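The following exercises are to be worked with the sequence and the coordinates at hand. Each task is followed by a solution in steps.

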Amino acid sequence: RGATLTEGRADFPADFVWGAATASYQIEGAAKEDGRGLSIWDTFSGTPGKVAGGDTGDVACDHYFRYADDVRLMSDLGLAAYRFSVAWPRIQADGTGLVNSRGLDFYSRLVDKLLEAGITPYVTLYHWDLPQALEDAGGWPERDTAYRFADYARAVHARLGDRVQHWTTLNEPWVAAFLGYGNGVHAPGRREPAAAFRAAHHLLLGHGLAARALREAGAEEIGLALNLSPVITPAQVGDPAAVASLEDAEAVGRIDTLLTRQFLDPALRGEYPAELLAMIERNGGLAHIRDGDLEIINQPIEVIGINYYNPCVVESGPGQAADEAWPGSEDVRFCSVDDVPATAMGWPIVPNGLSRLLVRLADDYPEAGLVITENGAAFEDVVEDGRVHDVGRTGYLDHHLRAVHAAIADGADVRGYLVWSLLDNFEWAYGYGRRFGIVHVDFDTQRRLFKDSALWYREVIKQNGLRGN
Ligand code: PNW
């Protein structure tokens with residue numbers, strides 16, 4: 001599709017979309033403004049011991065008040081697209097009933113500013129800020145939450161749908177379900193494996209109901225964004241062609257079922273893998289999965305949104321269960337990867353993992369196109385004379401874009417790339433201690449500064465690809 005590589009140059013297809021991504025709770029601040037209700041992340045970050053340094057999203061990047069300046073930054077960078085999420089409790093303080101027009105006004109102003117700057121908005125409806133009142137009623141393990149989500153999706157579309165064509169229902173339902181309700185590292189901090197499986201199913205049901213509602217309302221492009229990783233053995237980190245033993249292949253299969261197939265099989269094919277059903281059976285049972293649910297979940301969608309950071313490296317560990325975030329994964333050991341460099345998150349840098357993932361998705365799920373909805377890295381940035389020489393981040397992005405390019409050349413239908421993240425922001429359980437931005441944020445003064453990676457990315461966008469070395 002017009003992806004060419006000449007002497008180290010990597011030219012992307014002419015219609016390739018370049019952009020950046022953020023999420024509401026991570027950047028907006030203004031936690032009490034204009035009738036916003038509480039979300040589970042307000043409660044969680046306000047609970048001592050849950051977030052590093054006691055950090056909260058109360059102020060974050062103050063984006064709610066600085067959005068116009070931030071759109072100017074995007075415009076300076078030449079972004080063609082900007083992915084942001086809508087905070088549900090700004091739209092319905094308690095997650096149900098009357099719609100708060102002041103909350104919608106904010107996103108409407110943001111969309112207008114983006115369009116004035118020639119930047120296409122990509123709207124994510126759920127990036128983890130569930131209204132606390134819905135959690136008090138049981139949260140995602142409760143079926144009703146899925147129906148409340150569809151109502152909310154309808155309300156957002158009713159206000160923005162005249163100007164927004166690109167919709168993502170959920171961001172990373174695996175993280176929301178298994179870190180939120182499984183190991184409790186994310187809000188609401190529950191540690192109940194059975195509840196995590198129920199949450200995952202109801203998130204998918206919410207996706208299906210919302211996708212159907214958006215479609216009926218005229219949405220052109222609907223997607224689902226997942227945290228996806230190729231699941232590989234330690235030997236495959238350095239040698240993608242290495243053959244796994246039978247035991248290791250089984251461990252790989254179990255984790256891939258939980259991470260990938262649990263979401264893509266029902267969303268794109270209308271079925272759960274038999275192996276997954278057996279895992280759920282052993283963790284609370286299947287009673288919450290009702291007749292007709294899979295038909296609802298299986299709505300036609302145009303895009304799989306891929307959030308890629310690193311591969312999942314596992315091997316067979318007889319007698320071991322991976323961890324509470326992976327209920328059902330008996331006999332699996334997660335391996336640390338020591339022979340490749342890592343980011344400040346400790347996540348190993350394996351660019352070929354992204355090519356492997358994209359080609360696999362193109363083969364296994366040809367029903368939908370692919371957009372990289374997140375890719376990026378945290379590093380310990382230093383500001384020196386008004387510059388941030390973040391060579392680690394620039395290298396990470398460069399190598400991963402080459403991996404995307406290779407996958408396109410192999411036939412994968414990858415339509416765009418949205419770097420995570422536009423701004424340094426509230427990195428969930430790590431607070432402000434991990435910086436993913438290509439734009440540096442001074443959290444005392446709220447001053448923004450382009451890191452070297454941002455200047456590099458501006459050039460990539462201008463060139464529609466990478467220069468030779
Ligand atoms: C994603 N994991 O989070 C999110 O979509 C972003 O909001 C976040 O800032 C970014 O990646 C960087 O962390 C993840 O433990 C958090 O597997 C944790 C995991 C995966 C993704």
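**Exercise 1.** Does Arg159 count as buried, partly exposed or exposed, and at what relative accessibility?

*Solution.* The model is a predicted one, in which local features need pLDDT of at least 70 and side-chain atom pairs count only at pLDDT 80 or more, while totals for chains, interfaces and linings use all residues. Residues are numbered from 1 along each chain as its sequence is written, and side-chain values use heavy atoms, with hydrogens and water left out.

Step 1. Apply the classes: buried means under 20% relative accessible area, exposed over 50%, and partly exposed in between (1.4 Å probe, protein chains only).
Step 2. Arg159 has a relative accessibility of 29%, so this residue counts as partly exposed.

**Exercise 2.** Identify the salt-bridge partner of Arg159 and state which helices the pair ties together.

*Solution.* Step 1. A salt bridge requires a side-chain nitrogen of Lys or Arg within 4 Å of a carboxyl oxygen of Asp or Glu.
Step 1. Arg159 meets this criterion with Asp105, the closest N and O atoms being 2.9 Å apart.
Step 2. Helices (H or I, at least four residues) and strands (E, at least two) are DSSP runs, numbered from the N terminus. Because Arg159 belongs to helix H7 (residues 144-160) and Asp105 to helix H5 (residues 101-116), the bridge ties together parts that are 54 residues apart in sequence.
Step 3. Asp105, at 27% relative accessibility, is partly exposed.
Step 4. For another case, take Arg36 and Asp42, whose closest N and O atoms are 3.0 Å apart in a salt bridge; both of these residues are buried.
Step 5. Over the whole structure, the search finds 35 salt bridges. One network of salt bridges links Asp381, Asp390, Arg393, Asp424, Arg435 and Lys451.

**Exercise 3.** Determine how many aromatic pairs there are and classify the pair of Trp41 and Phe44.

*Solution.* Step 1. Rings of Phe, Tyr and Trp (its six-membered ring) pair if their centres lie within 6.5 Å; planes under 30 degrees apart count as stacked, over 60 as edge-to-face and the rest as tilted.
Step 1. Trp41 is buried at 1% relative accessibility, and Phe44 is buried at 3%.
Step 2. Phe106 and Tyr107 are also edge-to-face, at 4.8 Å centre to centre with 70° between the planes. Phe106 is buried with a relative accessible area of 0%, and Tyr107 is buried at 1%.
Step 3. Trp41 and Phe44 are members of one aromatic cluster, which also includes Tyr25, Trp128, Phe426, Trp428, Tyr432 and Phe443.

**Exercise 4.** Describe the sheet that contains strands S8, S10 and S11.

*Solution.* Step 1. Two strands pair if DSSP finds at least two bridges between them.
Step 1. The 3 strands form an open sheet in the order S8-S10-S11, with mixed pairing. Strand S8 (231-232) and strand S11 (330-334) are at the edges with a single partner strand each, so one side of each has no neighbour in the sheet.
Step 2. Strand S10 (residues 312-321) runs antiparallel to S11, and 4 bridges join them. Glu315 stands opposite Arg333 in S11.
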